[in-house]
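Subject: The structure you asked about

Hi,

Here is the structure, ready for you to open. Have a look at it first, and then read on for what turned up.

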Amino acid sequence: MSTMTDDTLPAQSPPAFHLLAKPSGSTCNIDCTYCFFLSKEALYPNEKNRMSEATLEVYVRQLLEAHRAPQVTVAWQGGEPTLMKVEFFRRSLELVEKYRRPEQTVQHTFQTNGILLDDEWCEFFKTHNFLVGLSVDGPRELHDQYRLDRSQRGTFDRVVKGWSCLRKHGVQFNILCTVNAANENHGRVVYRFFRDEMEAKWLQFIPIVERATPETIDIANQGWSERSGRRRLLYTQSGNLVTKRSVGGRKYGSFLIDIFEEWIRHDVGEVFVQLFDVTLEAYFGRHLLCIHAPTCGYGPALEYNGDVYSCDHFVEPRYKLGNIHETHLVQLVASPEQRKFGDDKRDLLTTQCRSCDVRPVCNGGCPKDRFGLSRDGEPGHNYLCEGLYLFFDHTRPAMQTMAQLLTRGQAPSDVMEMVRTEDRKRGPYAPCVCGSGRKFRFCHGDRAPDSNFSGIRPAAPTPECGHPKENFQ
């Protein structure tokens, strides 16, 4: 395939996009009950899901050719990308240097469950300035509800060992936490665990919403991995039911508010929660996260064999755009099919969404979650709407205050003292502003209850890096 240059780029090509590459496909070394991506193995039966060096080189070259913006992100995800071994990623760095234009700077990111992290991995990440995302769902009792290995054992202690190794080597990391039926009532506890126990500064909270139909709900409730004697489904974005593991719509909003009320009093400018940051940016008309941008379509997914799909959440046959061995990556991203996929996010909003007072910051949420009915009975409404509205409406005064502070050249962290001043005016025994119904002092005040869950230190394994082979099935 010929090289793509600025003169030959398609007219509709974006200056930049954020592709998630899956070098090991959906293959993973653990068996999280809610991970529908495990079912994607059915798309490539009887194949070893490993990216070849030929596909790696085509991908890296096309990704760099496709970007007109100077900053390029090479993002690795899975499945579990550590199954590819360090040598694969060393080669990816060599290829980046081979094809990178002089004006381009490249950021490398890597999402992992942490199980296989050891000194070799963490030295590599540190040397090459990787940003590592670590998947953790909170304290042990919450994490181990759904994040299990193939023997159905909890993975918490092994993840903590990987986290210890990241910290030992000074690797920059963030936490990716799913919000699910097990932890949905424990927002502040989960947040404090990450802040105080794991000493994390960057956090993402991702809602688990697993769709099913009346015909598939019983099977879906059992999980998505392949097991003897159990029928397996290929997960697709269809059906208007959700599994028992899915977060409740309103519960998602309450979870976020519980965290926000802790953060707005203590951690602005110190701990960075992705949704809080992008919401504040939206008050300036900048939409940095596809989920709450007016349109999307700039976050495609690349499978191990070069197949490209519209989105990481839409890896299914009807959203396959093509293959990079046959069509240049930028042509797939700029294709009419992909542009329609992205524009439909805006064009198919329900009437309720279009008239909603938080639409400028919400924009209807992710299309994958739009399978409910609006108040008027219109289909295509977001399952999480009640919670999203609760969060965006609740946080609006503080967000507006921080936006005003930034406009005046002041630090948004100044909002913390303003909030504490308002707390003193209300008094400690007024109802807490989070909406819990408890008195402020015993909710988000100075007598907030301690966590009932265990921390890292009492039962953590030794901090040495490594992974005994008997832990992996």
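By type, the contact of helix 6 with helix 8 has five nonpolar, two polar and five charged residues.

Please keep in mind that this is a predicted model. The chain has a mean pLDDT of 94, with 94% of its residues at 70 or more. There are stretches to treat separately, though. Residues 458-463 have a pLDDT below 50, and the model gives this stretch nine contacts beyond near neighbours in sequence. Over residues 468-473 the pLDDT also stays under 50, and here the model has twelve contacts beyond four places in sequence.

Ten strands form an open sheet with mixed pairing, and their order is 9-6-5-4-3-2-1-10-11-12. At its edges are strand 9 (272-273) and strand 12 (320-323), each of which pairs on one side only. Strand 9 runs parallel to strand 6 (residues 202-207), and two bridges join them.

Two other helix pairs are worth a look. Helix 1 (residues 53-66) packs against helix 2 at an angle of about 40°, with 9 Å between the axes. That angle makes helix 1 oblique to helix 2, and the crossing of these two helices is right-handed. On the helix 1 side you will find Glu 53, Leu 56, Glu 57, Val 60, Arg 61 and Leu 64, which meet Phe 88, Arg 91, Ser 92, Leu 95, Val 96, Lys 98 and Tyr 99 in helix 2. The residues in the contact of helix 1 with helix 2 are seven nonpolar, one polar and five charged.

The other pair is helix 3 (residues 119-127) and helix 5 (residues 156-168), which pack at about 45° with their axes 9 Å apart. Helix 3 is therefore oblique to helix 5, and their crossing is right-handed. Asp 119, Cys 122 and Phe 125 of helix 3 make the contact with Cys 165, Leu 166 and Lys 168 of helix 5. In the contact of helix 3 with helix 5, four residues are nonpolar, none is polar and two are charged.

Last, some backbone details. Most residues other than glycine have a negative phi, and most peptide bonds are trans. Which residues are joined by a cis peptide bond? They are Gly 78 and Gly 79, with omega at about 10°. Gly 79 sits in the loop between strand 2 (71-76) and helix 2 (85-99). Lys 85 is not a glycine, yet its phi is positive, near 75°; this lysine is found in helix 2. Glu 199, also a residue other than glycine, has a positive phi of about 55°, and Glu 199 lies in the loop between helix 6 and strand 6.

Happy browsing, and do write back with any questions.

Best wishes

Terms used:
Residues numbered from 1 in each chain as written. Predicted model: local features only at pLDDT ≥ 70, side-chain atom pairs only at ≥ 80, totals over all residues. Heavy atoms only, no water. Axes fitted to C-alpha atoms, helices over the stretch in contact; angles between N-to-C directions. Helix = DSSP H or I, 4+ residues; strand = E, 2+ residues; numbered from the N terminus. Parallel < 35°, antiparallel > 145°, perpendicular 65-115°, else oblique. Left-handed = near helix turned anticlockwise from the far one by under 90°. Contact = heavy atoms within 4.5 Å. Nonpolar A, V, L, I, M, F, W, Y, C, P; charged D, E, K, R; others polar. Pairing = 2+ DSSP bridges. pLDDT = per-residue confidence, 0-100.
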